[in-house]
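Colleague: I am new to this structure and would like a close look at a single part of it. Here is the model I mean.

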Amino acid sequence: MKAISIFNNKGGVGKTTLLCNLASYMLKRLGKKRLVIDADPQCNTTTYALDEEQFFNVYYEPTEFTIADVIPPLEDGNGYITQFKGIDS
Ligand SMILES: Nc1ncnc2c1ncn2[C@@H]1O[C@H](COP(=O)(O)OP(=O)(O)OP(=O)(O)O)[C@@H](O)[C@H]1O
Ligand SMILES: [Mg+2]
């Protein structure tokens, strides 16, 4: 597995846009599996990647797995969760 990070100290320079298009290209043109993790409180990647219903379920309903399910067990010293449910988009 390879990890790709897109980093730039400056805000608003296209990091999220590049990430979303790169992930889309990898799936649609290269046929590569990819996992995108949106850890940014702005949730821009989530809004780009999901349709309206999926976004509503993630953002407003606690029925979908989000990064918020990962952090509390780590804070409590219980390690990583063992079940991970991603969202296909
Ligand atoms: N290649 C491009 N050409 C023109 N506009 C672009 C390009 N890439 C991104 N943008 C626009 O620039 C704005 C900022 O892009 P984006 O949100 O990807 O930046 P960011 O670096 O992730 O910002 P932040 O630091 O706030 O997370 C958006 O409105 C986006 O549509
Ligand atoms: Mg961004």
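Which residues do ring pairs link into a cluster? Please take me through that part step by step, then show me what else the model holds.

Modeller: The cluster is made of F55, F56, Y59 and Y60, linked by ring pairs. Keep in mind that this is a predicted model.

Start with the count. Two rings pair if their centres lie within 6.5 Å. By this rule there are three aromatic pairs. One of them joins F55 and Y59.

F55 has 18% relative accessibility and counts as buried, because the cut-off for buried is under 20%. Y59 has 45% relative accessibility and counts as partly exposed.

Y59 also pairs with Y60. Here the centres are 5.0 Å apart and the planes are at 75°. That angle makes the pair edge-to-face, because the cut-off for this class is over 60. Y60 itself is exposed, with a relative accessible area of 53%.

Next, step back to the whole protein. Its secondary structure comes to four helices and zero strands. From the N terminus on, the order is α-α-α-α. The protein has 89 residues, and 16% of them count as buried. F55 is one that counts as buried. The C-alpha atoms fill a box of roughly 35 × 30 × 30 Å along the principal axes. The accessible surface comes to about 7,600 Å². Carbon and sulfur atoms account for 53% of that surface. Take the contacts between residues at least 6 apart in sequence: 34% of these join residues at least 24 apart.

Now turn to ligand 1. The residues around it are G11, G12, V13, G14, K15, T16, T17, D40 and Q42. By class, this shell has one nonpolar, six polar and two charged residues. Several atom pairs can be picked out. A polar backbone atom of G12 is 3.0 Å from an oxygen atom of ligand 1. For V13, a backbone N or O atom lies 3.1 Å from a ligand oxygen. K15 uses its side chain: an N or O atom there is 2.8 Å from an oxygen atom of ligand 1. Taken alone, ligand 1 exposes 640 Å², and the protein buries 49% of that.

T45 is buried, with a relative accessible area of 7%. Leave aside its neighbours within four places in sequence, and T45 is in contact with T16, L19, C20, V36 and D38. T16 is also one of the residues around ligand 1.

Y48 lies in helix α2 too. It counts as exposed, at 51% relative accessibility. With neighbours within four places set aside, Y48 is in contact with T16, T17 and C20. T17, like T16, is among the residues around ligand 1. Look onward from Y48 to V58, ten residues along the chain: their C-alpha atoms are separated by 13 Å.

C43 sits in the loop between α1 (15-28) and α2. Its phi is near 60°, a positive value in a residue other than glycine. C43 counts as buried, at 17% relative accessibility.

Finally, go to the segment before α1, where S5 is placed. S5 counts as exposed, at 70% relative accessibility. S5 and K15 are ten residues apart along the chain, and their C-alpha atoms are separated by 9.6 Å. K15 is the residue whose side chain has an N or O atom 2.8 Å from an oxygen atom of ligand 1.

Key. Residues are numbered from 1 along each chain as its sequence is written. Chains are lettered from A and ligands numbered from 1 in the order in which they are written. This is a predicted model: local features need pLDDT of at least 70, side-chain atom pairs count only at pLDDT 80 or more; totals for chains, interfaces and linings use all residues. Side-chain values use heavy atoms; hydrogens and water are left out. Rings of Phe, Tyr and Trp (its six-membered ring) pair if their centres lie within 6.5 Å; planes under 30 degrees apart count as stacked, over 60 as edge-to-face and the rest as tilted. Buried means under 20% relative accessible area, exposed over 50%, partly exposed in between (1.4 Å probe, protein chains only). A residue is near a molecule or strand if one of its heavy atoms lies within 4 Å of it. A polar contact is a pair of N or O atoms within 3.5 Å; within protein, one must be able to donate a hydrogen and the other to accept it, and residues adjacent in sequence count only if both atoms are side-chain atoms. Accessible areas come from the Shrake-Rupley method with a 1.4 Å probe; for residues, only the protein chains shown count as cover. Ala, Val, Leu, Ile, Met, Phe, Trp, Tyr, Cys and Pro count as nonpolar, Asp, Glu, Lys and Arg as charged, and the others, Gly among them, as polar. Contact means heavy atoms within 4.5 Å. Helices (H or I, at least four residues) and strands (E, at least two) are DSSP runs, numbered from the N terminus.
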